[in-house]
Amino acid sequence: MVKPLTEEEVNSKTDPSLNKQWDETTPKEEQFKELYKIIDGLKGSLLTTIRPNIGPVSRSMAVAKRVGPDILFLANIHSQKFEDMKNDKTVQVTFQNSSNQDWVSISGTAVTTDNADPRIKQVYSKGVNAWFGDLGDGIHTGMPEDPRMALIEVKANYIAYWKTTSSTPGFLKEVAQASLTGQVADTGVNRQLFDEDIQEARDAEK
């Protein structure tokens, strides 16, 4: 429901939208469970790398597998992003559900391996070869054994996400009400998970 803007929020230079939606009471286990549900329902993501003399560069990437709080991607080792990650292993993975506005932002470190990594066969799925092509030489086939096939593992160290608590009609109604009354829309919960929380979640997957 909409909430009034307070003088304290203005004087303390607080973002009222974030301030009213921070969730610091839900148990971490439940927060991770709901995080995983959002990610698993959104196989498409943006992977952002840091390119020298340019800055952040993003591209759409299909998730090969989520392993606890960490994300695995399959990619062509000849692509520019591998050069980016060679220079700076800092990466970000983002997800957004356009139907209900849920979003996830994962900051982490990229670990890359070549096609000798046995996990490639485990996460490979039909259709991946469409992005590689088949040279017809029995080697560059777009299959797991293709020397171009590489794995990117994003090891999370900070996660922020927002989860809607309203239906789509309710979301629109609340935003409209807040706009008309000068109050602040409160349509979901904003959560953040730090390195210690993430490591505990990672250990729980073992």
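Predicted model: local features only at pLDDT ≥ 70, side-chain atom pairs only at ≥ 80, totals over all residues.
**The whole chain**

Begin by displaying the protein chain as a cartoon. Its secondary structure comes to 7 helices and 8 strands. The chain has 206 residues, and buried residues make up 40% of them. How much of the contact pattern joins residues at least 24 apart in sequence? Among contacts between residues at least 6 apart in sequence, the share is 69%.

**Helices H3 and H7**

Select residues 28-40, which form helix H3, together with residues 195-204, which form helix H7. The axes of these two helices come within 11 Å and cross at roughly 75°. Because angles of 65 to 115 degrees count as roughly perpendicular, H3 is roughly perpendicular to H7.

Next, show the side chains where the helices meet. From H3, the contact is made by Lys28, Phe32 and Tyr36; from H7, it is made by Asp197, Ile198 and Ala201. By class, this contact has 4 nonpolar residues, 2 charged residues and no polar ones.

**Phe32**

Keep H3 in view and select Phe32, which is found in that helix. Is Phe32 buried or exposed? Its relative accessible area is 6%, so Phe32 is buried. Leaving aside neighbours within four places in sequence, Phe32 is in contact with Pro69, Leu193, Asp197, Ile198 and Ala201. Draw a distance line from the C-alpha atom of Phe32 to that of Ala201: the two atoms are separated by 7.5 Å, although the residues are 169 apart along the chain.

**Two aromatic pairs**

A search of the whole structure finds 2 aromatic pairs. For one of them, select Phe32 and Tyr36, whose ring centres are 6.0 Å apart, with 50° between the planes, a tilted arrangement. Both residues lie in helix H3, 4 residues apart, which is about one turn of the helix. Both Phe32 and Tyr36 are buried.

For another pair, select Tyr158 and Phe194. The centres of their rings are 5.5 Å apart and their planes stand at 50°, so this pair is tilted. Where in the chain do Tyr158 and Phe194 lie? Tyr158 belongs to strand E7 (residues 149-164), whereas Phe194 is in the loop between strand E8 (188-193) and H7. The pair links distant parts of the chain, its members being 36 residues apart. Tyr158 has a relative accessibility of 25% and therefore counts as partly exposed. Phe194, with a relative accessible area of 43%, is also partly exposed.

Now select Gly68, in the loop between strand E3 (65-67) and strand E4 (70-76). Gly68 has a relative accessibility of 2% and so counts as buried. Beyond its neighbours within four places in sequence, Gly68 is in contact with Tyr36 and Glu205.

**Ala75 in strand E4**

Follow the chain into strand E4, where Ala75 has its place. At 4% relative accessibility, Ala75 counts as buried. Select the residues around Ala75: leaving aside neighbours within four places in sequence, its contacts include Met61, Phe82, Phe132, Met149 and Ile152.

The last stop concerns the backbone. Most residues other than glycine have a negative phi. Which value does phi take at Asn53? Asn53 has a positive phi of about 70°, although it is not a glycine. Asn53 lies in the loop between strand E1 (44-51) and strand E2 (55-62). With a relative accessible area of 85%, Asn53 is exposed.

Finally, select Gln101, which is not a glycine and has a positive phi of about 75°. Gln101 lies in the loop between strand E5 (90-96) and strand E6 (103-113). At 31% relative accessibility, Gln101 counts as partly exposed.

Note on methods: Residues numbered from 1 in each chain as written. Heavy atoms only, no water. Axes fitted to C-alpha atoms, helices over the stretch in contact; angles between N-to-C directions. Parallel < 35°, antiparallel > 145°, perpendicular 65-115°, else oblique. Contact = heavy atoms within 4.5 Å. Nonpolar A, V, L, I, M, F, W, Y, C, P; charged D, E, K, R; others polar. Phe/Tyr/Trp six-rings, centres within 6.5 Å; stacked < 30°, edge-to-face > 60°. Buried < 20%, exposed > 50% of the residue type's maximum accessible area, 1.4 Å probe, protein only.
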